[in-house]
Number of protein chains: 2
Amino acid sequence: MEGLEAIRWTGDSVEYIDQRLLPHDEVIRRAATVDEIESAIKTLAVRGAPCIGIFGAYGVALLRRILSDDDAFRAAAIRVRNARPTAVNLTWAVDRVMAAQDMVAEAQAIHAEQRVIDARIAEAGAHLIGRDASVLTHCNTGPIATAGGGTALGVIIAAARAGKRPHVFVDETRPLLQGARLTYYELNRAGIDATLIVDGAAAVTMQRKAVDLVIVGADRIACNGDTANKVGTYSLAIAAAHHGIPFYVAAPRSTFDFTLRSGADIPIEERPADEVTAYDGTRVAPEGARAFNPAFDVTPGHLITAFITEYGIVRSPYVESIPDLQLRPNLMSIA
Amino acid sequence: MEGLEAIRWTGDSVEYIDQRLLPHDEVIRRAATVDEIESAIKTLAVRGAPCIGIFGAYGVALLRRILSDDDAFRAAAIRVRNARPTAVNLTWAVDRVMAAQDMVAEAQAIHAEQRVIDARIAEAGAHLIGRDASVLTHCNTGPIATAGGGTALGVIIAAARAGKRPHVFVDETRPLLQGARLTYYELNRAGIDATLIVDGAAAVTMQRKAVDLVIVGADRIACNGDTANKVGTYSLAIAAAHHGIPFYVAAPRSTFDFTLRSGADIPIEERPADEVTAYDGTRVAPEGARAFNPAFDVTPGHLITAFITEYGIVRSPYVESIPDLQLRPNLMSIA
């Protein structure tokens, strides 16, 4: 996303776009303390699995600079590492920075790698999108979700740049409306034809609008292909299978959790009820209404046609192809 | 719903609760002209398939009183009849009133019948709900949706009154949030345990919360069981089938359209984009965003376990059991 950088390292802070205010206001904030770093992640001002990884990496590198006491630093780093539980990218990036000699350089390397990885994912996936294809997507997986070129949305943008004229149906993605607020906005900026739908309209859109494929991102992927992603993804995968529509997940290797055999062990974050009972301060449900508000769901691997990664298309049997990914050389050492 | 009447005939107007303002404000309005009657239906101030049928019936009876010119009356009645296209109850009720000698008496008969019919539906369906059952529902099908006891929600309320302690997961039902605003409110009033979810969370709720059955209402049902209902119903039916969870549709005979062989011929109302691009009046998507906003979708009959009607449970093969319904005697002549 030219001209819109999700995250920027300044030397004494980490700057970020407050994604809660998009698309109406483009507000850049700076985090310079552990409270500010943790809070930016917890409140979803910074969101998107790769993006919170990069933000966490810079955050921990910054904390190392400002906290000379090792125990205080370690405690602060753990707070950042645990700010959200589901996306594995955050713990992966924090652990990588913690193990490095030069933490700032390592965070910058992770950020630079993300741009290369996103470009490879986009390249690997773009050929799956035919000319004038109708694509359906969920949540936000664009440049602001990765601080690079995006995953699922990066694939769509690459197809558009290759002249394929995709049309995109965008799930609004309740409760926090990342589709309506962020994905529609990013598609707009990229000049791509888009139509917004409510999440419940995805199945009828597949039935009546000749959707050719679904592409989504991921927050954590187990070795059998079970994929945690924004709540609503599982519903979409079931509907895609019902209509015989290919269902792709675009994600970097850092989103795969090679320690997990299946999705049963992925921790699912439950968020406050008021995300469901109100919007933007406007209460909708009756006072005191209870809600079940899991931020993510787990789509079983057998509902996923293939994964689009920086190493190319990963197909089933996933129990073989996913662990194989772990053995591949680091992209930066190839490049 | 004791103490809360959705519609009331006053002799020189039709009073109604403005359902757009619930649950925060219980505002009673009166419609006394064709503009007011048509607008109450079009803007969804009055909604719910049986409820708009009854409102339209009283409305046309009122118009007959105030318009002495036959052509003017007929033109006005047609405007009411066509105010919304999908629910067959509206045309059915208007046609019935138009054919009657005493139009007011006929509208009152339709209203009185609805109460009897809803009670029968509730009775027929309540035994499908086990003790401590977990039930998932969509949109609003309670007393304010029928101006009687409700259809799907009437079944749940009847089960609760029989001491079965159901727990209800309520889809918020975007775009207009009838689940969050109306169903949660009605369950609250009835003292029934309820949990709100976003529509996209229905599949993960089925997967993780041991949902025993799904019950929804309907706006129009074809002879093969294909059912038009609030957008999102089709998605829910696919997810229920995927999880092996029974999926019931509760509806009176007046919702069956015996002239239609399949759902392919049901007209689906598309509503303004701003219902999707804004959330309860707050703009969400970028200025000028486009949306596909079908108010309904059509669930194929083969995904529906059974219909709960005032004549009992209607099971497949629907091409036989549904046309049979048309031959049954009027409930009021039995009663």
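How many residue pairs are in polar contact between chain A and chain B?

## Polar contacts and salt bridges

The count is 19 residue pairs, both residues at pLDDT 80 or more. A polar contact is a pair of N or O atoms within 3.5 Å; within protein, one must be able to donate a hydrogen and the other to accept it, and residues adjacent in sequence count only if both atoms are side-chain atoms. Across this interface the rule finds 6 salt bridges (a side-chain nitrogen of Lys or Arg within 4 Å of a carboxyl oxygen of Asp or Glu). A:Glu172 and B:Arg174 form a salt bridge through their side chains, at 2.6 Å, N to O.

## Basis

This is a predicted model: local features need pLDDT of at least 70, side-chain atom pairs count only at pLDDT 80 or more, and totals for chains, interfaces and linings use all residues. Residues are numbered from 1 along each chain as its sequence is written, chains are lettered from A and ligands numbered from 1 in the order in which they are written, and side-chain values use heavy atoms, with hydrogens and water left out.

## Interface extent

In chain A, 55 residues are in contact with 54 residues of chain B (contact: heavy atoms within 4.5 Å).

## B:Ala239

B:Ala239 lies in helix 10 of chain B, residues 233-243 (helices are DSSP runs of H or I, at least four residues, numbered from the N terminus). Leaving aside neighbours within four places in sequence, B:Ala239 is in contact with A:Ile238, B:Ala203 and B:Met206. B:Arg8 is 231 residues from B:Ala239 in sequence and 39 Å away in space, C-alpha to C-alpha.

Note on methods. Helix = DSSP H or I, 4+ residues; strand = E, 2+ residues; numbered from the N terminus.
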